[in-house]
Amino acid sequence: MSNANMSTTTTTVMLSTTALPTLNSSSQVEILTPALSSEEFDNLTYDDNQFDIYTHPTLAEYYNNLTPFITLCIFVAILILMLNISIFFTTLAKLKQRLRKPLLGPSIALVSLYPLISLAALLTLLLPKLWFSCHTVMHLSFTVGAIFFYQLCGHFIGSETSFIKETAGMAVPIRTPPCCCCCMCLPGVTPTRGRFVILRCMVYQMAFVQGSIMFVLNGIFYNDMTLFNDVQSYFLPFIISSIILGAWGLNITVRVVNNLHTDYSTMKKMFALQLILLLCKMQYLMLDKQLDRLILGDDYPMNHIIYKQTIINTLILVEMVLVSLFAQNAYKTPVQVDEN
């Protein structure tokens, strides 16, 4: 009886052993590898799709696969840039007729920011991989423009000493945007030389702080994209606080000028400058998030990120034409200011 059991067991082992080699390699993988759950499969598919739609193509891949939409946008962008440059030269000619040397330099620098931003937007369409550097140019245009605007306001009021004498201790309101809500309890401030230094530092710090941060972020972005995604949020508090402080300083500066010259359209000039921040930074970030809810474009290389950046930067190009016209109107005054 035991011999019969042993033979039966031996036969069963031999059958199972001889059956294994008949399985092909795919069958063995299916047996050894557990099946993915539906959630794991969805995550895997999303990651692969994310890699495709957020990857910038090389320059050769980009131009070898241009679509009619992208080609049309590039053509329209070139025309818009030419229009913006023509508006700039028209504004430049008018400024030379109206202004003399002290005000001419800062005014030209301020109105030249809009064709510069348009050029950066066009370069984003022509060289998609350099989009972050072009975005940095737009970002820093506001901070550099703030310095020229402060210098322009300084020429409006003359020297700080003469301004203090002329205003006879008249208080300047500091409950201004963007800190009007949190500074409601603060009274007006009488201008002094020391307070002018503080005001100048509030405006000038933007160019240094923002320039340093964007320089570091550009270095990280083009060397280690994973690290960039991990650390960029840590820089946001410094970027936001620096911009708020600088914008507050600009608004106080406008109030200082308006104490003497209410007819110089200083508020319109500052609003034309702040439109750079609103359109090229805040609007840019909002559209970037909103367009991610849609799947634009085709498969790699003309994928979602290419179409998204094309739409945003084409919109900025159109808007810069309107802002250039607004700035041309804002710089109609003052007229023929004598040299100090």
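Reply: Happy to! Contact means heavy atoms within 4.5 Å. This is a predicted model, where local features need pLDDT of at least 70, side-chain atom pairs count only at pLDDT 80 or more, and totals for chains, interfaces and linings use all residues. Residues are numbered from 1 along each chain as written, and side-chain values use heavy atoms, without hydrogens and water.

Let's start at Lys 269, in helix H12, residues 266-291 (a DSSP run of H or I, at least four residues, numbered from the N terminus). Lys 269 counts as buried because its relative accessibility is 2% (buried is under 20%, with a 1.4 Å probe and protein chains only). Beyond neighbours within four places in sequence, Lys 269 touches Phe 149, Leu 152, Phe 156, Tyr 264, Ala 330, Tyr 331, Thr 333 and Pro 334.

Now for the largest pocket, which holds about 1500 Å³ (an open set of 1 Å grid points where a 1.4 Å probe fits, with protein on both sides within 12 Å along at least five of seven lines; lining residues have an atom within 4 Å of a point; volume is the space filled by probe spheres on the points). Its lining has 42 residues, with Trp 131, Phe 228, Gln 232, Leu 285 and Asp 288 closest to the centre. H12 gives two or more residues to this lining, as do H3, H8, H10, H11 and H13. H11 gives the most, with 11 residues.

The second largest pocket holds about 250 Å³. Ile 174, Val 189, Arg 195, Leu 199 and Ile 252 are the closest to its centre among 14 lining residues. Here H10 gives the most, 5 residues.

Note on methods
Buried < 20%, exposed > 50% of the residue type's maximum accessible area, 1.4 Å probe, protein only.
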